[in-house]
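Open the model in your viewer and keep the sequence panel beside it. The stops below say what to select and what is there.

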Amino acid sequence: MNYSKGSSREGLTIIIVGCGKVGSTLVEQLIREEHDITIIDKNAERVQELANMYDIMGIVGNGASYSTQMEAGIENTDLIIAVTESDELNLLCCTVAKQVGNCAAIARVRTPDYSKEASYLREKLGLAMIINPELEAANEAARLLFLPSALEAHTFAHGQAELIKLIIPENNILDGMTVANLGRHISGEILICAVERDGQVYIPGGDFQMRQGDSISFVASRTITKSFLEGIGFKTNHVKDTLIIGGGKAAFYLAKQLIPMGINVKIIEKSKARCEELSILLPKAVIINGDGSDQELLEEEGLSYAESFVPLTGIDEENILLTLYAKKISNAKVITKINRITFKEVINGLQLGSVIYPRYITAEAIIAYVRAKKDSMNSNIETLYHMFDSRVEATEFRVDEASRVTDVPLKDLPLKKDLLVSFINRDGKILIPSGQDCIRVGDTVMVVTTHTGLNDIKHILS
């Protein structure tokens with residue numbers, strides 16, 4: 001059965017234009033959150049497949065056409081999300097929708113020319129959000145190259161707080177230490193908020209004992225992260241050079257961030273024409289025209305002694321093989337971008353190190369917006385991040401109004417089990433809270449939990 005537009009479900013009515021990687025990831029995640037979804041795509045086979053799989057309404061047609069949008073029920077829609085392969089089509093879809101319906105609009109825009117103008121376009125076209133998966137993937141890769149000992153690095157509170165994931169190595173000071181003793185003896189300014197051990201994920205209490213081989217995620221203010229990592233024996237200086245395979249948009253965005261930091265960038269790209277473009281766009285980078293999967297060329301260009309290596313080809317299998325090869329012959333920090341493959345368990349088993357999934361980054365940003373729009377007037381989701389294969393969520397809420405969670409010491413709040421209030425951002429200062437601390441109006445608060453789908457700060461109560 002297709003959900004009609006008059007559905008009695010609690011969620012928003014959403015039209016998704018484009019059923020590619022990002023579109024299908026959005027459908028999969030938004031359906032879980034009980035929204036009423038209609039998809040539009042020119043590819044009839046793809047529409048039918050997704051509509052049948054998720055029991056939703058599908059329309060074959062041009063998403064920017066007025067009549068197609070009317071058929072999809074644009075007049076009664078809360079949100080349109082345009083994620084086709086074409087930036088122009090996405091912007092046109094949103095423009096038509098804004099003229100016809102009273103809905104919010106989100107467009108995926110990937111071209112660097114438009115990305116520079118994102119805030120202008122958003123304002124002039126009245127869009128809720130412009131999202132760029134390649135730019136977001138490059139931002140994530142850059143954060144990891146600035147802090148290479150981390151497996152993952154995410155920012156919250158407008159960059160003031162960081163969520164860092166790492167693996168406890170052999171003979172490390174943390175092996176055998178409890179979370180409470182870490183706070184007492186090493187630093188009370190960081191908080192261990194999730195641990196994965198033997199495939200199990202834990203939200204640790206004070207008596208949880210960490211072990212060698214555990215994947216731990218901790219949160220700290222940006223100024224504390226480096227001193228904490230140094231204190232537990234991790235290197236914290238950023239890489240000096242990087243070798244990037246593939247000269248696409250993500251490679252361009254990444255190089256643009258690394259070069260001003262004094263990091264030497266070398267890009268290997270097959271297309272001669274693209275190499276010429278890149279040498280004009282990135283005069284300080286070394287651009288090599290060649291096949292990045294050629295072992296001899298990689299040896300020649302110094303892979304064995306490179307400090308970091310980032311395969312950004314459009315082919316997942318090639319990126320994975322290049323990563324495995326780099327790990328075999330060098331000590332480089334390696335980051336693997338995966339666009340399409342969904343075998344997450346297999347990928348985790350390969351121990352590739354840092355893996356970036358642009359479509360999940362895109363979906364998370366959109367879902368954070370959808371949740372905030374759906375639920376509440378008195379608190380909004382600022383940032384949302386899924387950890388440990390979506391088994392744990394880190395959500396940053398903005399507290400705009402007094403409620404049952406404000407002005408009560410945390411120790412007196414009946415918090416849900418497996419939930420941690422990880423930091424309170426008050427006037428730009430990051431507090432790692434104790435039981436005595438209270439949430440106040442005006443704060444943003446980050447919560448880490450195995451309960452997925454929290455829409456509102458009040459939902460932290462049991």
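**Before you start**

This is a predicted model: local features need pLDDT of at least 70, side-chain atom pairs count only at pLDDT 80 or more, and totals for chains, interfaces and linings use all residues. Residues are numbered from 1 along each chain as its sequence is written, and side-chain values use heavy atoms, with hydrogens and water left out.

**Whole chain**

Show the cartoon. The protein chain has 15 helices and 22 strands. Both are DSSP runs numbered from the N terminus: helices are H or I with at least four residues, strands are E with at least two. The radius of gyration is 23 Å, close to the 23 Å from the globule rule for 462 residues, so the chain is as compact as a globular protein of that length. That radius is taken over C-alpha atoms, and the rule is 2.2 Å times the number of residues to the power 0.38. Along its principal axes, the C-alpha trace spans about 65 × 65 × 40 Å.

Switch to the surface. The accessible surface is about 20,300 Å², and 47% of it belongs to carbon and sulfur atoms. Areas come from the Shrake-Rupley method with a 1.4 Å probe; for residues, only the protein chains shown count as cover. Of the 462 residues, 55% are buried. Buried means under 20% relative accessible area, exposed over 50%, and partly exposed in between (1.4 Å probe, protein chains only). Among contacts between residues at least 6 apart in sequence, 61% join residues at least 24 apart. A contact is heavy atoms within 4.5 Å.

**The cores**

Select Ile 192, Met 210, Phe 218 and Leu 254. These have the most contacts inside the largest nonpolar core, which holds 51 residues. Helix α10 (residues 249-258) gives the most to this core, with 7 residues. Apart from it lies another core, of 46 residues, among them Leu 12, Ala 104, Ala 372 and Leu 419. A nonpolar core is a set of buried Ala, Val, Leu, Ile, Met, Phe, Trp, Tyr and Cys residues joined through side-chain atoms within 4.5 Å.

Zoom in on Met 210. Beyond four places in sequence, its contacts include Ile 168, Leu 174, Met 177, Leu 182, Ile 192, Arg 197 and Ile 216.

Now pick Ser 217, in strand β11 (residues 215-221). Ser 217 is buried, with a relative accessible area of 2%. Leaving aside neighbours within four places, it is in contact with residues including Leu 163, Lys 165, Ile 192, Cys 193, Met 387 and Phe 388.

**Ring pairs**

How many aromatic pairs does the count come to? There are 5. Rings of Phe, Tyr and Trp (its six-membered ring) pair if their centres lie within 6.5 Å; planes under 30 degrees apart count as stacked, over 60 as edge-to-face and the rest as tilted.

Select Phe 156 and Phe 423. They form an edge-to-face pair, 6.4 Å centre to centre with 70 degrees between the planes. Phe 156 sits in strand β7 (residues 152-156) and Phe 423 in strand β20 (residues 419-426), 267 residues apart. Both are buried.

Next, Tyr 357 and Tyr 360. Their ring centres are 5.4 Å apart with planes at 75 degrees, so this pair is edge-to-face. Both tyrosines are buried.

**Helix α13**

Select residues 316-329. The 14 residues of helix α13 should span 20 Å at 1.5 Å a residue, and its end C-alpha atoms are 20 Å apart, which agrees. The expected span is 1.5 Å times one less than the number of residues. Its buried residues include Asp 316, Ile 320, Leu 322 and Tyr 325. Their cover includes β12 (241-245), α12 (295-300) and α14 (344-349).

**Loops**

- Ala 157, between β7 and β8 (161-167): a positive phi of about 50 degrees, though not a glycine. Ala 157 is buried, at 2% relative accessible area.
- Asn 171, between β8 and α8 (179-186): phi is near 55 degrees. Asn 171 is exposed, at 72% relative accessibility.
- Pro 260, between α10 and β13 (264-269): exposed, at 64%.
- Pro 433, between β21 (429-431) and β22 (444-449): buried, at 16%. Its contacts include Leu 410, Val 421 and Phe 423.
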